[in-house]
Amino acid sequence: MYIAMNRFRVIPGFEEAFENQWKAREGRLAEMPGYVEFHMLKGPKAEDHTLYASHTVWETYAHFVAWTKSEQFRAAHARAGESKVQYLSGPHFEGFDVIIHEDRSGKRSAPEAA
């Protein structure tokens with residue numbers, strides 16, 4: 001599995017606009033092979049921002065890369081420049097290969113060594 005995350009530092013007073021923007025956004029992820037799930041996370045508030053993170057799980061890194069090169073990706077991000085939300089800085093991307101996964105039953109799995 002591969003997890004792609006973007007962290008957003010939203011300036012105070014723009015949280016509702018940020019959340020509504022994501023709620024209204026047309027989802028295109030489910031159209032992609034290898035897509036597992038998406039979460040938008042709201043984190044702690046600091047004096048100068050509220051932290052948010054988008055969290056997308058993919059079967060493999062290759063599936064994630066295919067998403068970033070797809071028409072669905074372009075369509076999902078087409079109106080990003082129209083946002084009235086103010087940020088401390090642009091989104092900060094972080095990508096992770098899953099080395100251990102534990103499901104709700106406690107069963108653990110790890111990728112096979114290459």
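The side chain of Arg28 reaches the side chain of Glu31 in a polar contact of 2.9 Å. Keep in mind that what you're looking at is a predicted model. You'll find Arg28 in the loop between helix H1 (15-24) and strand E2.

Is Arg28 buried or exposed? Arg28 has a relative accessible area of 18%, and since the cut-off for buried is under 20%, Arg28 counts as buried. Leaving aside residues up to four places away in sequence, Arg28 touches Trp67, Gln72, Ala75 and Ala76.

## The overall layout

Let's step back for a moment. The protein has three helices and six strands. Starting at the N terminus, the elements go β-α-β-β-α-α-β-β-β. If you draw a box around the C-alpha atoms along the principal axes, it comes out at roughly 45 × 35 × 25 Å.

Of the 114 residues, 25% count as buried. As for contacts between residues at least 6 apart in sequence, 69% of them join residues at least 24 apart.

## Strand E3, covered on both sides

Now look at strand E3, residues 50-58. Nine of its nine residues are buried, so E3 is largely enclosed by the rest of the structure. In a regular strand, side chains alternate between the two faces of the sheet. In E3, one side carries Thr50, Tyr52, Ser54, Thr56 and Trp58, the other carries Leu51, Ala53, His55 and Val57, and all of these are buried.

Which strands pair with E3? One is E1 (residues 2-10), which pairs with E3 in the antiparallel sense over nine bridges. Met5, for instance, has His55 as its bridge partner in E3. The other is E2 (residues 35-45), which also runs antiparallel to E3 and is joined to it by eight bridges. Here Leu41 is partnered with Ala53, and Glu37 stands opposite Val57. E2 and E3 make a hairpin, with four residues between them.

## His55 up close

His55 belongs to strand E3 and, at 18% relative accessibility, counts as buried. What does His55 touch, not counting residues up to four places away in sequence? The list is Ile3, Ala4, Met5, Glu37, Phe38, His39 and Leu41.

## The nonpolar core

The largest nonpolar core is made of eight residues: Tyr2, Ala4, Leu29, Met32, Trp58, Phe64, Trp67 and Ala76. Strand E1 and helix H2 (61-68) each supply at least two residues of this core.

Met32 is one of the core residues. Beyond residues up to four places away in sequence, Met32 touches Trp58, Ala66, Trp67, Ser70 and Gln72.

## Aromatic rings

Tyr61 counts as partly exposed at 47% relative accessibility, whereas Phe64 is buried at 11%.

Another pair is Trp67 with Phe73, which is edge-to-face: the centres are 5.3 Å apart and the planes make an angle of 80°. Trp67 is buried, with a relative accessible area of 7%, while Phe73 counts as partly exposed at 23%. Ring pairs link these residues into a cluster made up of Tyr2, Tyr35, Trp58, Tyr61, Phe64, Trp67, Phe73 and Phe93.

One more ring is worth a look. Arg25 lies over the face of Trp22, at 4.3 Å from the ring centre.

Note on methods. Residues are numbered from 1 along each chain as its sequence is written. This is a predicted model: local features need pLDDT of at least 70, side-chain atom pairs count only at pLDDT 80 or more; totals for chains, interfaces and linings use all residues. Side-chain values use heavy atoms; hydrogens and water are left out. Buried means under 20% relative accessible area, exposed over 50%, partly exposed in between (1.4 Å probe, protein chains only). Two strands pair if DSSP finds at least two bridges between them. A nonpolar core is a set of buried Ala, Val, Leu, Ile, Met, Phe, Trp, Tyr and Cys residues joined through side-chain atoms within 4.5 Å. Contact means heavy atoms within 4.5 Å. Rings of Phe, Tyr and Trp (its six-membered ring) pair if their centres lie within 6.5 Å; planes under 30 degrees apart count as stacked, over 60 as edge-to-face and the rest as tilted. A charge sits over a ring if NZ of Lys or CZ of Arg is within 6 Å of the ring centre and within 35 degrees of the ring normal. A polar contact is a pair of N or O atoms within 3.5 Å; within protein, one must be able to donate a hydrogen and the other to accept it, and residues adjacent in sequence count only if both atoms are side-chain atoms.
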